Amino acid sequence: MIVLVVGIPASGKTSVVSTAKKYLKKDIDVIEFGDIIFELAKKYYGIENRDEIRKKLSIEDQTKLQYEAVKYILENYKNKDVIITTHFVIETSSGFKPGITKEMADMLKPNAIVVIISDPDKILLRRVRDTSRVREKEDLERIRIHQEMTIYYTIPFMYMYNTVIEIIK
């Protein structure tokens with residue numbers, strides 16, 4: 001079983017998954033998709049922090065890393081129940097891009113998707129307080145748009161994969 005937990009940066013994905021794991025009766029591995037991509041970006045491109053991926057790599061190179069991360073998950077977690085935290089929509093220096101393309105979804109075949117939505121003010125505050133990241137100037141309207149795009153992006157999954165979608169706010 002593959003469950004995707006998606007949301008924009010600082011929406012609370014990790015917190016929700018950590019809390020949910022305490023109540024799950026089965027052993028489920030949690031995979032941070034971005035961590036795999038970051039490790040690959042360090043290895044292949046000499047990237048030093050996660051924010052450089054969006055700023056220094058072309059959309060094509062970012063997408064290649066995403067495919068490599070999907071392959072890694074499928075190879076290393078075959079026949080296991082997993083929760084993958086990720087972004088369905090990624091804001092790059094060139095604009096928004098898919099976090100999971102149709103081809104990647106075809107490979108993963110998610111059974112369920114949980115969308116984490118948070119108050120844009122809280123997201124902004126979390127981002128401003130996170131000194132480990134190098135972010136662009138934050139904008140509440142841009143955060144709202146990014147969250148809406150994430151919700152809209154899930155709808156095709158219901159039709160294409162008969163995937164259950166749940167939105168947690």
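Analyst: Helices (H or I, at least four residues) and strands (E, at least two) are DSSP runs numbered from the N terminus. Before we go on, this is a predicted model: local features need pLDDT of at least 70, side-chain atom pairs count only at pLDDT 80 or more, and totals for chains, interfaces and linings use all residues. Residues are numbered from 1 along each chain as its sequence is written, and side-chain values use heavy atoms, with hydrogens and water left out.

User: What numbers describe a packed pair, and what are they for H2 and H4?

Analyst: In general, two packed helices are described by the angle between their axes and the distance between the axes. Here the axes of H2 and H4 cross at roughly 120° and come within 9 Å. The axes are lines fitted to C-alpha atoms, for helices over the stretch in contact, and the angles run from 0 to 180 degrees between N-to-C directions.

User: Is the crossing of H2 and H4 left-handed or right-handed?

Analyst: The rule first: a crossing is left-handed if the near helix is turned anticlockwise from the far one by less than a right angle, and right-handed if clockwise. H2 and H4 make a right-handed crossing.

User: Which residues of H2 and H4 meet?

Analyst: Contact means heavy atoms within 4.5 Å. On the H2 side you'll find Phe-33, Ile-36, Ile-37, Leu-40, Ala-41, Tyr-44 and Tyr-45, and they meet Asp-61, Leu-65, Gln-66, Glu-68, Ala-69, Val-70, Tyr-72 and Ile-73 of H4. Sorted by type, the residues of this contact are 12 nonpolar, 1 polar and 2 charged. For the sorting, Ala, Val, Leu, Ile, Met, Phe, Trp, Tyr, Cys and Pro count as nonpolar, Asp, Glu, Lys and Arg as charged, and the others, Gly among them, as polar.

User: How do H6 and H7 pack?

Analyst: Helix H6 (residues 120-129) and helix H7 (residues 140-161) have axes 9 Å apart, at an angle of about 115°. H6 and H7 are therefore roughly perpendicular to each other. H6 passes H7 in a right-handed crossing. Pro-120, Asp-121, Ile-123, Leu-124 and Arg-127 of H6 make the contact with Leu-140, Ile-143, Arg-144 and Gln-147 of H7. Those residues split into 5 nonpolar, 1 polar and 3 charged.

User: Now for charges: how many salt bridges are there?

Analyst: A salt bridge is a side-chain nitrogen of Lys or Arg within 4 Å of a carboxyl oxygen of Asp or Glu. By this rule the count is 10 salt bridges. One of them joins Lys-42 and Glu-39, with the closest N and O atoms 3.1 Å apart. Lys-42 and Glu-39 are 3 residues apart in helix H2 (residues 33-45), so about one helical turn separates them. Another is between the side chains of Glu-68 and Lys-71, at 3.8 Å from N to O. Glu-68 and Lys-71 also sit 3 residues apart, in helix H4 (residues 59-76), with about one helical turn between them.

User: What about Arg-142 and Glu-91: how far apart are the closest N and O atoms?

Analyst: In that salt bridge they are 2.6 Å apart. Arg-142 lies in helix H7 and Glu-91 in strand S4 (residues 89-92), so the pair ties together parts 51 residues apart in sequence.

User: How do I read accessibility, and is Thr-85 buried or exposed?

Analyst: Buried means under 20% relative accessible area, exposed over 50%, and partly exposed in between (1.4 Å probe, protein chains only). Thr-85 has a relative accessible area of 2%, so Thr-85 is buried. This residue lies in strand S3 (residues 82-86). Leaving aside neighbours within four places in sequence, Thr-85 is in contact with Val-5, Val-17, Ile-31, Glu-32, Phe-33 and Gly-34.

User: And where is Asn-162?

Analyst: Asn-162 is in the loop between H7 and strand S7 (164-168). With a relative accessible area of 68%, Asn-162 is exposed. The C-alpha atoms of Asn-162 and Ile-123 are 30 Å apart, while the two residues are 39 residues apart along the chain.

Notes:
Parallel < 35°, antiparallel > 145°, perpendicular 65-115°, else oblique.
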